[in-house]
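Open the model in your viewer and keep the selection tool ready. We will go from stop to stop.

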Amino acid sequence: MNQVLEELSKIGIVPVVVINDVKDAKPLAEALMKGGLPCAEVTFRTEAAEESIKIISENFPEMLVGAGTVLTTEQVDRAVAAGAKFIVSPGLNPTVVEYCVKKGIPVAPGTATPSEMEQAMSFGLDVVKFFPAENNGGLSMIKAVAAPYVGLKFMPTGGINAQNVREYLKYDRILCCGGSWMVKGDLIKAGDFAKIEELTREAAAIVKEVRG
Ligand code: 3PG
């Protein structure tokens, strides 16, 4: 498996962040680092995403920062130029996946069905995002589809929180879980980075408890 994805596996939980104002990038990254989850998926949903990735990767080189909600190859280029180490998408866009694979950029496309998972595997991927996880049957759905796809690992995202993440992490076919519960928009907006750090620390403790 790709080294970046292996590192994500060790961290266990990937905070999915929406940054509206670039001034929040640094304190947010600092809170995640201090809380014990040295990674982030910065979603390409806001004007601030690209610059935020740049700020985080320059100021926190030890942090594994990736880009989420990547829908086009042009966004892949912008994200990688800004310092993104991995690419995540809500769905499987063959053009985007092929582009990342050709360029050697780790990519986890969103999948929800066996056909989409097979499509991802046909590009040589061994990790897929499972999205939106809870709406699509959650862990029991992953366990059902994981049986035939022996080499495939999953990054469930969507509806995961401090209450249900433990069960996901216990299953050995889960690479890591994505979620926004420790980096909610209202906390970022309020500048409550202490709370973000606290929730991050709780999340990191769950990873340690389950995976050692
Ligand atoms: C997203 O794309 O916003 C992620 O899936 C996060 O989902 P969550 O807010 O349910 O954790």
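Predicted model: local features only at pLDDT ≥ 70, side-chain atom pairs only at ≥ 80, totals over all residues.

Select the ligand and the residues around it: V16, R45, F131, T157, G158, G159, G179, S180 and K184. Residues are numbered from 1 along each chain as its sequence is written, and side-chain values use heavy atoms, without hydrogens and water.

Now color the shell by class. It has 2 nonpolar, 5 polar and 2 charged residues. Here Ala, Val, Leu, Ile, Met, Phe, Trp, Tyr, Cys and Pro count as nonpolar, Asp, Glu, Lys and Arg as charged, and the others, Gly among them, as polar.

At S180, a side-chain N or O atom is 2.6 Å from a ligand oxygen. At G159, a backbone N or O atom lies 2.7 Å from one. The protein covers 77% of the 310 Å² of accessible area that the ligand has on its own (Shrake-Rupley method, 1.4 Å probe).

Next, select D24 and K23. They form a salt bridge, with the closest N and O atoms 3.2 Å apart. The term means a side-chain nitrogen of Lys or Arg within 4 Å of a carboxyl oxygen of Asp or Glu. Buried or exposed: which is D24? D24 is buried (under 20%), at 7% relative accessibility. K23 is exposed (over 50%), at 56%.

Last stop: E209 and R166. Their side chains meet in a salt bridge at 2.8 Å, N to O. The whole structure has 11 salt bridges.

Key
Near = heavy atom within 4 Å. Polar contact = N/O pair within 3.5 Å; in protein donor to acceptor, adjacent residues only side chain to side chain. Buried < 20%, exposed > 50% of the residue type's maximum accessible area, 1.4 Å probe, protein only.
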